[in-house]
Amino acid sequence: MEKMSRVTTALGSSSISGRTMFCHLDAPANAISVCRDATQVVVAGRNIFKIYALEEEQFVEKLNLRVGRKPSLNFSCADVMWHQMEENLLATAATNGAVVTWNLGKPSRNKQEQLFTEHKRTVNKVCFHPTEVYMLLSGSQDGYMKCFDLRKKESVSTFSGQSESVRDVQFSMKDYFTFAASFENGNVQLWDIRRPDRYERMFTAHTGPVFCCDWHPDDRGWLATGGRDKMVKVWDMTTNRAKEIFCVQTIASVARVKWRPERKWHLATCSMMVDHNIYVWDVRRPFIPFATFEEHKDVTTGIVWRHQHDPHFLLSGSKDSTLYQHMFKDASRPVDRANPEGLCFGLFGDLAFAAKESLISGDASRKPYPGGDRRYPIFFFKKPNPTEQFAHVSSALSVFESSVESRHMDWLVKTARLYLLSGKPFAELCDHNAKVAKELNRPQVSTTWTMLRIMFSDPANLSTPGPNHIGKLGTLPLMNSFSMKEMGTGLVAEGRLERSKGESRQDNLHLEPGNSLINSNNDENEETEGSEGQAEYMFGDAELDDDDLYSMEHENHAAEEQEYTLPQEAFPLRHEIMDNPSAPEHLQQDKADSPHASGNEAEVMCLTPIESFSLISISQPLFSPHLPAQFFCPVVREMLIHYAEQGDVQMAVSVLIVLGDRIRKEIDDLTQEHWYTSYIDLLQRLELWNVSNEVIKLSTCSAITCLNQTSTTLHVNCSNCKRPMSNRGWICDRCHQCASVCAVCHHVVKGLFVWCQGCSHGGHLEHVMNWLKSSSHCPAGCGHLCEYT
Amino acid sequence: MRHATAATETMGNNSIIVTDLKICTSCERLSKKDLGIRIPRPLGNGPSRFIPEKEIQVSKVDPRTQSIFEDAFAALGRLDNISLVMGFHPQYLENFLKTQHYLLQMDGPLSLHYRHYIGIMAAARHQCSYLVNLHVNDFVQVGGDPKWLNGLEGAPKKLQALGELNKILAHRPWLLTKAHIENLLKAEEHSWSLAELIHAVVLLTHYHSLASFTFGCGITPEIHSDGGHTFRPPSLSQYCVCDIANGNGVCSSLRMTSSEVSGEVEVLMERMKQLQECRDEEEASQEEMATRFEREKTESMLVATAEDDECVPSRDVSRHFEDPYGYKDFSRRGEHVPTFRVQDYSWEDHGYSLVNRLYPDVGQLLDDKFQMAYNLTYNTMATHKDVDTSMLRRAIWNYIHCMFGIRYDDYDYGEINQLLDRSFKVYIKTMVCSPEKTTKRMYESFWRQFQHSEKVHVNLLLMEARMQAELLYALRAITRYMT
C-alpha cells in the first residue's frame, strides 16, 4: 500500500514533497481541510477534531482541539474549513446547529473563539470568503444560509432558500460577491452576498439532493455539482440560463466534488455510500475515471487537494478512521486496465469485433475466418488532443458476415415452432417431437425422442402403440431392431461395422434363449427391414449426426418413420421375456460390454459412452421390466448435459420440459436455470416470443417462471383525449369517458380488447369475431374493411 | 380461510354480549331479505371501530379522493378499510397506494407469493389478523402453497431464515447487527441475494408499521374475511350491535361534551407559541440536551407498562407464526437502548442511496412517502385555523425515533415533554411497540377535541416514523455488512 517513492515538485515559492502515506485517526472523519501553505491539515468528525502536520514521511499530530472533560455537541463537526488567508482561523459546522470559529493563535488550551447558535438544525457546511478575512458563510438543514462577520456577535445577513435543507455553500473564486448554494430538493441557487432578500438565479441541477458543488478555480463560469442521482454535472454559468456542459455518471451518490488544481478538465469525487474509492475524472471522458485511489476501506468523507496550485497531492479522510495523502502518480489508472475490445453477434449470425488497432494489424497474417466469410476492418481515429492526458487508443472494427449457407439457425427456428412441449400424453409428445426432428433431418435428435418415450413410458399407459405397426409386425419388434442392425452393417464404414457386429452379437445372445417365434418371423422381418434401407442408422445417427457419412443418406429417413415406434410394440411380448430367468445376467453383460464396445470405436468414431448406453437402454425394458424409469435418469442426465455442451440447448430444455418430474430432480437447479435462460435468450433473439413464453410458462425453475411476471404493464392512451391512462384501461381520468367501448355491443370492454389497426375501432374479442364472420365492414360503421385473422 | 376464526372474539376489547340489542334500520333491512339464503352481515359498521361511520363515507368524499378510491378499486378489485380511513388524507393515500402497489405487484426481485407471505409474517408478528387475512387471500391467489400458512415451519428454509430478522425488526431493531445480515446472505442454497433482502426488509417494515396503523385506527375486518361478518340475526335492544362497536350511538354524544378538556387545544397552542419565542433565550447546555434525550428515551420505555396487564387474546393466525421465543420477552421494560445518531446514518443521505441501488425506484417512492407524511399539514388544529403545526409534527416524529434510540443532534428533546401529554405518549408508545394492545379508550383519551381526521394524521406520522426507524437500523446493518 505504501509506496516508498519520493517526488519533489518545485512550485515556485513553496515546494512540497511527500509520498503516499496514511495515519490512523481515533474516530471516523467527517471532513478535512488544509491550511494555505499546505503544511497542516485539520480533521473533523463526530468524535475527532485534530490538526496534523504533513511531513515528508508521515503525518504528525500537532494539536487536539477537542478539549474539556465533557465534550459538547459543538465539537461534533459536520464540516470544517481552514481560512485561506488567515492561517490561525478555522470554522466548523456542528451537527446540533452551531457554527464555531477557532483561533489557533489563542494561548489557552481551548481555542474556541466564537459560537453562533442561530441555526435551528444541523449545519451542513461552512465556507470562508476566499479573499475577505472576516466573512463566513454557513448553510443549514433548516433551509437558511447565514453570513457572519467575525468581528460581530451575530450574523449580518440571512438568506432563505425557501426550501428544505441547504447541503453546500461555496463562494465563487472570481466573483467577489457571488456564492452558490445547493439544496436537498435538487436546486442550485446563486446569491449576491449584498442582497439577502432574493436569489439571483435558481436552476434544478439534479433529481434528489445536490450534496456538493465546487467552483472551477480558474474558469469563472464553471460550477460542478454532485448529487444523490449519481451524477456530476458541470454548469456554465456565464450564459443567461445555466447550461450543462459536462456530465459524468458515477456508480454511487456523489458526496464531494473538487476541481483538480492546474488541470482544467479534471475533478475529484468521492461517494457517500457503498463505493469507497476516490475518482479523478476528465470531464471530457466521462465513461472511465482518469485515475482512482482505492486505499480506503469505508466511505471517503472528505477530499481536498493539498495545495491550490499543485495537482499531485490529494488528501482524504474517511469513515474507516484513516487520513491519507495520495500521490497522483501512485493512483491506479483504470484506462490501462480497461478492455478496449468489443464483440457482438448480429441477429443473422454476423459478428462485429472491435479491438485495438495494434492487435488487428498484428493479426493480418492470420487466415481469414473459416467458411469464406468476409471481413471489413474499419478503423476509427480520434483526433489527439494535446491537453488530454488519456492514452490514445485507436481501434479497428471488423465485421464478419456469415454466408447464407452457413446459417444453421433455420432448423432451430422450425424446431422451436413445431415442438410440442405440453398438452398431450407424454408418449405422444415424444412421438411428435421425434417426427419433427426427423423431418428436419436431425435423426439423432429424433432417435433420442423415441428412446425417451420408450424409457419413460409407463407400461400401463401404453395401450396406444404406434399407429401402423401392430398388425404387421405383431410380437416381434425385438427381432426387428436387431436384425436391422445386422443388415445395416454392410453399409457402414469399417469402424462402425465392427461395433455393430459386436452389438448384434450381444443382441443375439439375448435373443437366443428367447422366443422361437423370432426365427419363424425372421424372414418377414428381413423383408420389412430390407425395404426400408438403412434402418440401422436410426441408431447409428444417435452418435454421429454431423458425420459426413450420413448426410447423403438423410433422404432415406423419411421412409423409416415406422421404425421409431417399434419398441412400443415390444410390450405385449414383455411378459414372456420377463419370465426368462437369464434376463438379469444379460443385463449385466450388457452393462459390462457396452463401455467396451464404445471404447473400441472411440478412436475411430469419436463416440461417447452415453450413446452406447442409450442403445442398450432400448433393450433393457424388454428384458427386465422391473426396472423403474428412474434407472435411466443418470443416462438421460448425461445425455442432456451432452446436448447442452454441444450447443443444442434447445434439445436439453425441450426434453427437460417434456420429461418434467421424471428427470427434474436429477439435474441441479442452477444448471436447469442456465439452460432455460440460454434457450429463452436464443428464442427471444430470434423473435420467437410465443415459444419463449411457452417455455417460461412450462419451466419449473422459480427464477424462470417469474420472468413472466416482470414487465407485464401495458400502457394505453385514451381514445378520446389521446392522453395516457394511468390506472384503468377502460376509463380516462381526465375526460371521464369510457375509452374502450365495444363497437358491437356498445358496452365498456374491461377484458380483452381487439381493435383494427386500420380504423382503430374494435371491441370484445368475441363480438368482433362474430361480427366479422358475417360482415367485412367495420362494426362501427366507418366503412373500413376490417379483417380478423 | 380458517385463519383467524377466532377473530369474532377479536372484536375483543369492546365485545358486547349481543343478545338483547335492538336492530337499526339497515340491519333490519338486511334481515328482512331472508329467503333462506344466509346473507352475511357486517359485524361493525364502517371501516373503523374507533371512528363513527358517518365520518367516513365513500359517497361524500371530494372528487380527488373519489378518483383515488376508484383507482385503488380498479387495481385491486377491492377498496380495503385501510384505504377508506386514509381517505381523510388523499395526498398521502395516493403515495401510499403507489408504493404498496409497487412493492407487491410490480417488478422486483422477489416472486409474488413470497411478497405476500412476507407480508403475512410481518403482520402476524403483531397479531394483526386484519392484514394477515387480507394477504392470505392474495397469497393463495397468486399461487402460493397453502401449506406454508400452517406456520413458518411449512415455508421454505429461505423464508424461515427471515423469521429472526422479522422478530428483531419488529421489536428491537437496535439489536440488528451485520452478523444477522451475513447469516441470511451466506446460507448456501437458502441464501438471499442483497436485492431480495432489501425487498424483504422494505416489506417487513412496511407491514410492521401498517399493523400499527391498523390497530391505531381500529380498522375493522373486511366483510369477506372471517370476523368481518356474521350470519346471526341481529337481536333487540336499544342500540344495534354495530353502533356500539364504533361509537355511532351514545358514546359519540358523550364525547366532546365534557368541559374539563375544552381548553386542551388552546393550552397546546400556547405552549407551541412559547417554545417558538423563548427558544433563543434560554440555551440549554450540551449536557442538559443529552440528558433530556436520555430521559425521554428511558421514559418511553416505561410509558406503556401500565397497560401491560391487559390480556391479549391470542389469535389463530399469529399462533402459527409465533415461536417459543415468546412475545412477552420482548417487553422493553428497563432495557437500555443504544443511541443511534441520525447525523451519521440518515435516510436522505445513506438509506435512500442503498435502497435505490439495490431495488430501483423504491428509494424514491419511500422518500416521497416519508416526506409526504412528515410535511403534510392543513394548518389547522381542532377548530383553529392557520396554525403552524411543524413543531408538533416534528415532536411526534422525533419522539417515535427517540423510542428507537434514534437521536437528532439538532433537536431539543425538552420540547417533547412540553407538547405531548401523558395520554398521548401512552397511545404512541402502545401503537409503536405493541400495537395489538391499542384500545378504543386510548384512542379516545388523547387529544379529545381534535378531529378524527387529525387523529388519523397522527397515525400516519406514527406509521411512517416507525417504518423509517426500522429501515434505518436494517439498512445500517446491511451497509456495515457491505463495507
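In chain A, β29(A) and strand β30 (residues 322-327) pair in the antiparallel sense over 5 bridges. Strands, like helices (H or I, at least four residues), are DSSP runs (E, at least two residues), numbered from the N terminus. Two strands pair if DSSP finds at least two bridges between them. Across this pairing, S316(A) stands opposite Y324(A) in β30(A). The two strands form a hairpin with 3 residues between them. In the turn, S321(A) has a positive phi of about 65 degrees.

The structure is a predicted model, in which local features need pLDDT of at least 70, side-chain atom pairs count only at pLDDT 80 or more, and totals for chains, interfaces and linings use all residues. Residues are numbered from 1 along each chain as its sequence is written, chains are lettered from A and ligands numbered from 1 in the order in which they are written, and side-chain values use heavy atoms, with hydrogens and water left out.

β29(A) also pairs with strand β28 (residues 300-307) of chain A. The two run antiparallel and are joined by 6 bridges. Here V304(A) stands opposite L315(A) in β29(A). A hairpin links β28(A) to β29(A) through 2 residues. Strand β29 (residues 310-318) of chain A has 8 of its 9 residues buried, so it is largely enclosed by the rest of the structure. Buried means under 20% relative accessible area, exposed over 50%, and partly exposed in between (1.4 Å probe, protein chains only).

Elsewhere in chain A, 4 strands form an open sheet in the order β16-β17-β18-β19, with antiparallel pairing. Its edge strands are β16 (166-171) and β19 (201-204), each pairing on one side only. The twist averages 15 degrees from one strand to the next. β16(A) is mostly covered, with 6 of its 6 residues buried. β16(A) and β17(A) pair over 5 bridges. V166(A) has F183(A) as its bridge partner in β17(A). The hairpin formed by β16(A) and β17(A) has 6 residues between the strands. Strand β17 (residues 178-183) is joined in turn to strand β18 (residues 187-192) by 5 bridges, again antiparallel. S182(A) stands opposite V188(A) in β18(A).

The model scores ipTM 0.71 and pTM 0.64. The mean pLDDT of chain B is 74, and 71% of its residues reach 70 or more. pLDDT is the predictor's confidence in each residue, from 0 to 100. Over residues 233-260 of chain B the pLDDT is below 50. Beyond near neighbours in sequence, this stretch has 65 contacts (heavy atoms within 4.5 Å) in the model. Residues 304-315 of chain B also have pLDDT below 50, with 22 contacts beyond near neighbours in sequence.

Note on methods. Axes fitted to C-alpha atoms, helices over the stretch in contact; angles between N-to-C directions.
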